[in-house]
Amino acid sequence: MEMSREKLCASKAEGSSDSAYHCSACHGDEEWGSRGRAKSRSLSASPALGSTKEFRRTRSLHGPCPVTTFGPKACMLQNPKTIMHIQDPASQRLTWNKPPKSVLVIKKIRDASLLQPFKELCMYLTEENNMIVYVEKKVLEDPAIANDENFGPVKKKFCTFREDYDDISNQIDFIICLGGDGTLLYASSLFQGSVPPVMAFHLGSLGFLTPFNFENFQSQVTQVIEGNAALVLRSRLKVKVVKEHREKTTVQNGIEENGVVSANLEKEVGKQIMQYQVLNEVVVDRGPSSYLSNVDVFLDGHLITTVQGDGVIVSTPTGSTAYAAAAGASMIHPNVPAIMITPICPHSLSFRPIVVPAGVELKIMLSPDARNTAWVSFDGRKRQEICHGDSISITTSCYPLPSICFREPVSDWFESLAECLHWNVRKKQNNFAVEEEEF
C-alpha cells in the first residue's frame, strides 16, 4: 500500500472536488467476490485461474487508503518523512535471489517420536536436494542417532553448532522446525538480526504456529525450495535491558553466558546494556516474592500506569494467543501492527488489557516505592532479576520472523484457532420443532 502525498491538498477553488484523493476501495471501483474458505490445501495463496469455488482476494488486508482531505478546505499537513510503502500482507510471497543451499533443521529434544521424521527429512535434504544441513550438536548426541549405523553416512555431512557459542546467522538460507511452537521460538532466539524463512511441521503438543503436517513433507519442502509459498511476517519485539553494573560478566568465544552476542553488550558508566529479539512476549513478574509487583509503565517517555499485581505481559500479535490469551487478552492476527499490554492478576477491577501502536516505545521500571524486585523473561527464557534503577525498553523490531504459510495468512490463523484452541466451540442451539403462529 503506497501512501501518496501528491494528492493531500484539495483544490484552492471552492466547490472543486476533482483533486481530492480517491481510493478505489472506498468508492466501489473494485470488483467484489463472494468470500469463502478454500477447500484445497495448498502452499499457494493464489487460487487457480479457472476455479470458481476458490476465493480470490480483491481487497488489501491493510484496508483502504484513508482519504486525507477533510471537508471542502481541510487536509493533512504534507510531510515527506511520513511516506510509507507497505506491501499488502495478502500478497507476501517467498522468492529466492539465489537457489537455497543450506538449511537449519531444529528438532524438539527429548522426544523419541521425532527421531524417525528427523532422519527422513535430513536424508531427503542431503541426498535428494544436495543441501547443506545444519543441526545443533546436542541433537546428534542422542543415543538413538549416535548408535544408528545406517544414519552414519548422512550424519557425517552435517554442519553442527552450539547455542551461545557459534554464530550461524549468515550461513542459513531457511529453517525447518520439527516439533511444537517452542521450536519456532527457539529458532527466533538464534537470529538476533535478519531471520531466514521458517517452515514449521506440527510434531509437538499444541502446534498453533506450526501449520504443516509431516506426511507429505517431500512435496511441501520442494515447493518451498522452488519459492512457491505464501509468507506471514510475524513481528518481533526489540528489547533493551539496562542494568546497574553489579558484577563482571564472563565472555566466552564472543558470546556472553546468558546468550547475548558480545556485540550487543555495551558498557556505560556503571551500567550494562543487553538486547534481545522476542517473538511472543516479555513477561515482568514478582518472581519468588510474596508481595505484589509494583512497576511503572512508560509510553514514549510518559508514565501511563503503575502495575500492581502479579506482573505485566508485553506481547506481539503472535504472542497474543499465548500467555496473554491465558491472562484475558484479545487475540490479534499477526498481520496487525500492534503491541499488547496485559496485566497478570492485577489488584484492580478496572485494569483491562490494551493495544498500542507498533511504533511506540515502552519502558518498564520498578516503582520507587516497590517493596521487592521484579523478574523478567523473554519468550520464557533468559530469566533475570530487575532491581531499582534497572529499565526495560520495548518497541517493535525491524526484523520480523517470516513464517511460511500452509495456505495463506488468514485461513491458517483461523484454522489454528479452531483446531488448537477450540475457539468458540459450542453445542448448536436447536431450532423450534413447530413454527410459531403469526398473529
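Arginine 110 is exposed, with a relative accessible area of 77%. Exposed here means over 50% relative accessible area, buried under 20%, and partly exposed in between, with a 1.4 Å probe and protein chains only. Arginine 110 lies in the loop between E3 and H1. Its phi is positive, about 60°, although the residue is not a glycine. Cysteine 345 also has a positive phi, of about 45°, and is not a glycine. This cysteine is placed in strand E17.

The model is predicted: local features need pLDDT of at least 70, side-chain atom pairs count only at pLDDT 80 or more, and totals for chains, interfaces and linings use all residues. Residues are numbered from 1 along each chain as its sequence is written, and side-chain values use heavy atoms, with hydrogens and water left out.

The chain has 8 helices and 23 strands. Helices (H or I, at least four residues) and strands (E, at least two) are DSSP runs, numbered from the N terminus. Of the 439 residues in the chain, 44% are buried. The chain exposes about 24200 Å², of which carbon and sulfur atoms supply 51%. Accessible areas come from the Shrake-Rupley method with a 1.4 Å probe; for residues, only the protein chains shown count as cover. Contacts (heavy atoms within 4.5 Å) reach across the sequence. Among those with a separation of 6 or more, 72% join residues 24 or more positions apart.

The largest nonpolar core has 34 residues. Such a core is a set of buried Ala, Val, Leu, Ile, Met, Phe, Trp, Tyr and Cys residues joined through side-chain atoms within 4.5 Å. Phe118, Leu125 and Ile176 have the most contacts inside the largest core. At least two residues each come from strand E3 (102–107), helix H1 (115–128), strand E4 (132–136), helix H2 (137–140), strand E6 (174–179), strand E7 (198–202) and helix H6 (217–225). H1 gives the most, with 6 residues. Beyond its neighbours within four places in sequence, isoleucine 176 touches Val103, Leu104, Val105, Ile106, Leu121, Leu125, Met199, Phe201 and Val221. A second, separate core has 29 residues, including Val282, Val297, Leu366 and Ile386. Helix H5 (residues 181–190) is mostly covered, with 8 of its 10 residues buried. Among them are Leu184, Leu185, Tyr186 and Leu190.

Aromatic pairs number 12. Rings of Phe, Tyr and Trp (its six-membered ring) pair if their centres lie within 6.5 Å; planes under 30 degrees apart count as stacked, over 60 as edge-to-face and the rest as tilted. The rings of phenylalanine 201 and phenylalanine 214 have centres 5.5 Å apart and planes at 75°, so this pair is edge-to-face. Phenylalanine 201 lies in strand E7 and phenylalanine 214 in the loop between E7 and H6, so the pair ties together parts 13 residues apart in sequence. Both residues are buried. Phenylalanine 212 and phenylalanine 406 form another edge-to-face pair, 5.5 Å centre to centre with 70° between the planes. This pair links distant parts of the chain, 194 residues apart. Phenylalanine 212 is in the loop between E7 and H6, and phenylalanine 406 in the loop between strand E23 (401–404) and helix H8 (409–420). Phenylalanine 212 and phenylalanine 406 are both buried. One aromatic cluster is formed by Tyr124, Phe201, Phe212, Phe214, Phe217 and Phe406.

Two loop residues were examined next. Proline 317 lies in the loop between strand E16 (302–315) and H7. It is buried, with a relative accessible area of 1%. Its C-alpha atom is separated by 7.9 Å from that of asparagine 280, 37 residues away along the chain. Leaving aside neighbours within four places in sequence, proline 317 contacts Ser235, Ile332, His333, Pro334, Val336 and Ala338. Alanine 329 lies in the loop between helix H7 (323–326) and strand E17 (338–346). At 11% relative accessibility, alanine 329 counts as buried. The C-alpha atoms of alanine 329 and isoleucine 354 are 8.1 Å apart, at 25 residues along the chain.

The structure holds 0 disulfides, a disulfide being a pair of cysteine sulfur atoms within 2.5 Å. Cysteine 398 is exposed, at 63% relative accessible area. Cysteine 420 counts as buried, at 18%.
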